[in-house]
Amino acid sequence: MRKRDFVVLWSVLVTFIFFFSISANAVHEETTKAAPKEEVPYDRPVEEIKKYLAPMNKFRIFQVQKVSSCSECHDKDWEVNPQRRELGEPHDETPGKFINHDSENRWCLDCHSAGNRDKLRLINGKLVDFKEYYRICEQCHRRTYREWKMGIHGKRTGYWNGDKEYLHCTQCHNPHNPTFKPLEPMPAPRKPKEIRITTTDNAN
Ligand code: HEC
Ligand code: HEC
Ligand code: HEC
Ligand code: HEC
């Protein structure tokens, strides 16, 4: 008697599991089909904002060294030294040390072309002009880059529907040391009780 009960129960369970797995499969198929509906935030093409970009700052090294391009020193006879090292003149001052920017894992020649010093270099080896420096940043800071193009990150001046100007990433962040120093917290405000002049003070 108990054994028959057991068999009935068992077969009910097996049938249930069978149908459940079929329907689970069906559900799975449906979600797979629905996947392309996922919302992708609008990403503005950089071409749309190029005409609003602020004039770029002059490189400091060109003012200090009185040259107009990197290749005046780094010419075709330049022997590239790819060895990571502390640089001496003129790069001890311009641009200074490369720090606080994942600097343990990369160095100058990850961003500057070794063969053509007047160009920047993408991770895939493609060269870009200095004026398109933001393509360097885009590779790792895609979200911030998108927000900058949308006018959420950074600074815009002018009119929303007229002339305006976008500041460049590099006018706020030094690519060689981008972190801002944390602000010193101000002391907490004093409670009125602590400010109130006491009678003994008054006596003076
Ligand atoms: C006045 C000459 C001069 C100018 C201009 C100059 N450099 Fe250099 N650069 C040097 C010297 C000298 C060294 C080697 C320093 C050392 O080994 O201590 C060097 C080294 C470097 C290195 C290290 C790799 C290597 O080839 O040894 C990089 C990267 C670099 N320069 C980038 C630049 C960039 C980018 C510019 C332009 C924005 C520039 N330099 C402009 C003189 C110059
Ligand atoms: C994260 C990428 C990156 C790395 C790494 C990097 N640079 Fe640069 N560098 C840039 C960008 C971008 C600019 C252009 C900045 C601008 O437009 O103001 C620049 C500008 C410069 C300039 C001109 C700056 C000026 O105002 O005179 C020199 C010189 C230079 N880099 C040398 C170096 C040297 C030397 C190293 C290694 C010690 C190095 N860079 C590492 C991205 C990088
Ligand atoms: C290869 C990847 C890579 C590229 C290219 C790159 N960054 Fe970064 N960046 C990083 C990483 C990783 C950190 C975090 C470094 C750390 O905390 O030491 C960082 C940190 C920063 C920070 C500081 C963030 C903070 O929380 O304070 C700023 C600002 C920044 N990057 C701006 C730039 C700009 C501007 C460019 C283009 C010139 C650029 N980065 C290019 C990887 C990259
Ligand atoms: C008007 C100045 C300005 C411009 C232009 C600007 N930033 Fe920033 N950025 C800031 C400030 C201010 C912060 C906040 C710093 C903090 O909290 O310490 C910041 C924060 C960041 C951070 C830290 C993480 C985050 O998203 O908050 C990254 C990365 C960064 N900026 C990258 C960029 C890149 C890349 C560009 C250009 C595409 C850019 N910034 C343009 C001022 C600027």
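Predicted model: local features only at pLDDT ≥ 70, side-chain atom pairs only at ≥ 80, totals over all residues.
User: What makes up the secondary structure of the protein?

Analyst: The protein has 9 helices and 4 strands, and from the N terminus on the elements run α-α-α-α-β-β-α-α-β-β-α-α-α. Helices here are DSSP runs of H or I with at least four residues, and strands are runs of E with at least two, numbered from the N terminus.

User: Why is P175 called partly exposed?

Analyst: A residue is buried if 20 or more other C-beta atoms lie within 10 Å of its own, exposed if 12 or fewer, and partly exposed in between, with C-beta atoms placed from the backbone. P175 has 15 other C-beta atoms within 10 Å, and therefore counts as partly exposed. P175 sits in the loop between α7 and α8 (192–195), and its C-alpha lies 9.8 Å from that of C111, although the two are 64 residues apart in sequence.

User: Why do K66 and D102 count as exposed?

Analyst: K66 has 8 C-beta neighbours inside 10 Å, so it counts as exposed, and D102, with 9 such neighbours inside 10 Å, therefore counts as exposed as well. K66 lies in the loop between α3 and α4, where D102 is also found. Phi of K66 is near 55°, a positive value in a residue other than glycine, and phi of D102 is likewise near 55°.

User: How many residues are near ligand 1, and which are closest?

Analyst: Ligand 1 is surrounded by 18 residues, the closest being C70, C73, N81, G88 and C108. The elements that give two or more residues to this shell are α3 (60–65) and α4 (108–111). A residue is near a molecule or strand if its C-beta atom, placed from the backbone, lies within 6 Å of it.

User: What makes up the shell around ligand 2, by class?

Analyst: The shell around ligand 2 has 14 nonpolar, 7 polar and 3 charged residues, where Ala, Val, Leu, Ile, Met, Phe, Trp, Tyr, Cys and Pro count as nonpolar, Asp, Glu, Lys and Arg as charged, and the others, Gly among them, as polar. Of the 24 residues around ligand 2, F59, R60, I61, C108 and C111 come nearest, and α4 gives the most to the shell, with 3 residues.

User: Which residues are closest to ligand 4?

Analyst: Of the 16 residues that surround ligand 4, the closest are W148, G154, K155, C169 and C172. Two or more residues each come from α5 (134–138), α6 (142–150) and α7 (169–172), and by class this shell has 8 nonpolar, 7 polar and 1 charged residues.

How values were computed: Residues numbered from 1 in each chain as written. Chains lettered and ligands numbered in written order.
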